[in-house]
Amino acid sequence: MALWEVFIRPRRGLAHSHVGSVHAADAQTALRNARDVYTRRQEGVSIWVVPAAEITASSPEEKDSFFDPAADKVYRHPTFYQVPEGAPHI
Amino acid sequence: MSTDVLALGDDALIAAQRLAEWCSRGPDLEEDIALTNIALDQLGAARLLLGLAGSREQPARTEDELAFLRTDREFRNCLMVELPNGDFAVTMAKLLFLAAYQKPLYEELAAASSDDPELAAIAAKAVKESAYHLDHAALWTVRLGDGTEESHRRMQNAVDEIWPYTHELFESHPDWLSTVDEVLRESTLERPADGWRPTGGRDGVHTEHLSRLLAEMQVLHRAHPGVTW
Amino acid sequence: MYGTDFPPDDGPSTLLSEVNAAERALHAAAGARGPAATGDLAAYFDSVVAAEQKIEPRDWMPEGYRKTLIRQIAQHAHSEIIGMQPEGNWISRAPSLKRKAILLAKVQDEAGHGLYLYAAAETLGVDRAELVQLLLEGRQKYSSIFNYPTLTWADIGAIGWLVDGAAIVNQVPLCRCSYGPYARAMIRICKEESFHQRQGYEILYTLAHGTDAQRAMAQDAVDRWWYPSLAMFGPPDTDSTHSEQSMAWKIKRFSNDDLRQRFVDMCVPQAEVLGLAIPDPALRWNADRGHHDYTQPDYDELMRVIKGNGPCNRQRMAHRRAAHDDGAWVREAAAAYAKKKAA
């Protein structure tokens with residue numbers, strides 16, 4: 001199951017904002033899951049789901065030299081991140 | 001033909017009871033939430049329908065009196081909804097067939113608002129939910145039918161197992177068959193041959209499953225007659 | 001909301017206003033100019049935390065901060081998921097359709113909360129599947145309270161009043177946690193949670209004012225759930241090893257004992273309204289301290305339960321493992337279908 005980021009626009013006049021993420025194997029399922037979890041199926045709500053892997057993120061204010069080139073993944077951390085104890089690599 | 005409101009309510013109640021059994025047992029967290037959501041929808045419709053049916057009796061009965069104090073011979077749900085959940089494929093087959101039945105039925109009832117405005121109002125609310133249930137079941141039937149070899153086998157088995165019970169549902173709804181056929185086709189599944197046609201639910205002649213289901217559902221209520229919870 | 005009226009109790013409404021205050025503080029801090037970025041990442045991290053601003057995904061952070069957060073958020077998520085079992089145990093037998101619907105909605109909410117928390121943990125670069133594996137292997141834990149059985153319908157009331165109450169006391173301060181995604185998830189959760197405690201309380205109130213049998217059922221449940229609920233706040237401060245660092249990083253905002261005391265003080269007037277006894281003969285108001293004196297829970301029991309020897313540990317894990325294993329073919333099918341369509 002891939003990770004999808006969820007953006008919701010609760011009503012007209014507002015922009016979509018990021019509310020969290022869901023897991024799903026495909027876009028249709030991701031959209032439905034997002035609707036169930038983040039809107040409790042309210043009407044008139046607009047939902048975007050985007051595979052987290054498709055998001056390109058900028059670096060925070062810190063000096064860029066500490067990080068890989070700017071076009072980087074949204075939740076990828078600097079190289080000294082350790083896998084939690086005992087977790088098998090998946 | 002007057003609508004058997006009690007039968008509709010019983011369909012929804014027993015379907016809700018079975019779906020709720022998936023709580024904390026779903027194949028993933030998102031699906032656990034989805035199934036519980038659908039169970040809640042069915043339960044909500046059941047409460048409104050039973051409430052309406054009960055209010056029209058002489059003397060009137062409440063939704064709880066109907067749910068907790070009738071024996072299985074007095075329930076009028078179709079046999080299909082009382083069958084055990086089986087694996088996820090069986091549950092989805094049951095939901096597909098049920099939603100494909102409830103949706104056009106609720107649509108008709110909602111449209112006939114001059115005949116029975118109270119029932120029409122309940123049906124109008126239930127239509128949207130039914131459409132959602134049908135989409136959900138179709139989405140999964142397709143993925144299981146056209147997924148792995150194992151999921152295809154399980155989904156075909158599920159369709160084969162539940163198919164005989166669908167005859168009790170759709171005598172008067174040709175749309176049902178075309179809706180279901182389309183989903184089966186997209187899922188690479190075969191529609192079973194029509195042979196055995198178990199029936200009797202509408203007359204209170206159920207499978208052995210219902211009285212066990214009711215024993216569990218009713219036990220606490222019956223242990224303390226007449227109290228408030 | 002459910003047709004019955006209750007004398008107002010301080011607990012949920014005060015806590016809800018604290019949640020709203022935390023949310024306002026988050027927005028205000030977001031609007032304010034933060035500390036200036038310097039070349040020293042560690043110093044910048046410290047200054048952001050000190051200024052009550054939020055650390056966000058992909059910020060530099062000490063390895064210990066990340067590890068502690070992953071563990072804490074994941075275990076919180078696991079607790080929501082495992083908690084569905086004792087409560088879900090009474091859905092099929094709920095004594096009225098209204099109660100069935102309320103309980104079903106509550107347990108569904110809890111699943112959703114677990115999901116929000118897994119999502120927050122994933123912003124730290126870990127995958128939900130990894131966290132689930134750690135739970136199933138027993139390497140990550142869940143709240144000890146869910147290792148107790150729900151023996152009667154009244155237990156559902158007791159869980160709502162005491163367990164959700166304790167969870168709220170614990171969770172509200174986390175709305176001001178230094179890590180942005182966790183704080184935001186906690187605000188969302190606490191807002192939704194405000195209904196849950198009320199529902200449990202209402203169940204107990206109805207039972208306590210019902211027949212003798214119902215009243216006895218309610219008192220019995222309170223008798224069994226009181227001390228385990230106190231133990232939810234963890235060992236006493238003197239025995240709590242990791243707290244100092246977590247406090248410095250603003251992952252933990254109050255000590256175990258402070259939170260436990262807060263919970264007791266909140267429950268006493270609520271118990272009076274219920275007309276049920278808290279099973280502690282030493283419970284009394286201490287005017288000098290401005291708090292209630294109370295008997296501590298059995299911390300040896302807590303340790304035994306945490307180590308896996310509570311009444312339901314094996315059952316909870318077996319249930320979770322079975323659900324996970326039984327669902328494997330479904331997840332595989334979904335992945336296979338997606339792959340076919342993407343090709």
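**Note on the two interfaces of chain B**

1. Chain B and chain A together bury about 1200 Å², of which 44% lies on carbon and sulfur atoms; buried area here is the accessible area (1.4 Å probe) that two parts lose on being put together, summed over both. The model is a predicted one, in which local features need pLDDT of at least 70 and side-chain atom pairs count only at pLDDT 80 or more, whereas totals for chains, interfaces and linings use all residues. Residues are numbered from 1 along each chain as its sequence is written, chains are lettered from A in the order in which they are written, and side-chain values use heavy atoms, with hydrogens and water left out.

2. To this contact (heavy atoms within 4.5 Å) chain B gives twelve residues and chain A gives 13 residues. One salt bridge is found across the interface of chain B and chain A, the term standing for a side-chain nitrogen of Lys or Arg within 4 Å of a carboxyl oxygen of Asp or Glu. This salt bridge joins the side chains of B:Arg143 and A:Asp26, at 2.8 Å from N to O.

3. On the side of chain B that touches chain A, helix H2 (29-55) and helix H6 (117-145) of chain B each supply at least two residues, helices being DSSP runs (H or I, at least four residues) numbered from the N terminus. H6(B) provides the largest share, six residues. By class, that side of chain B holds four nonpolar, two polar and six charged residues, where Ala, Val, Leu, Ile, Met, Phe, Trp, Tyr, Cys and Pro count as nonpolar, Asp, Glu, Lys and Arg as charged, and the others, Gly among them, as polar.

4. Between chain C and chain B about 3900 Å² is buried, with 69% of it on carbon and sulfur atoms, and the contact draws 46 residues from chain C and 47 residues from chain B. Of the area that chain C buries against chain B, 21% comes from C:Leu97, C:Trp329 and C:Tyr337, more than from any other three residues.

5. The count of salt bridges between chain C and chain B is three; one of them pairs B:Asp146 with C:Lys340, whose closest N and O atoms are 2.9 Å apart. Several helices give two or more residues to the side of chain C that touches chain B, including helix H12 (313-326) and helix H13 (328-342) of chain C.
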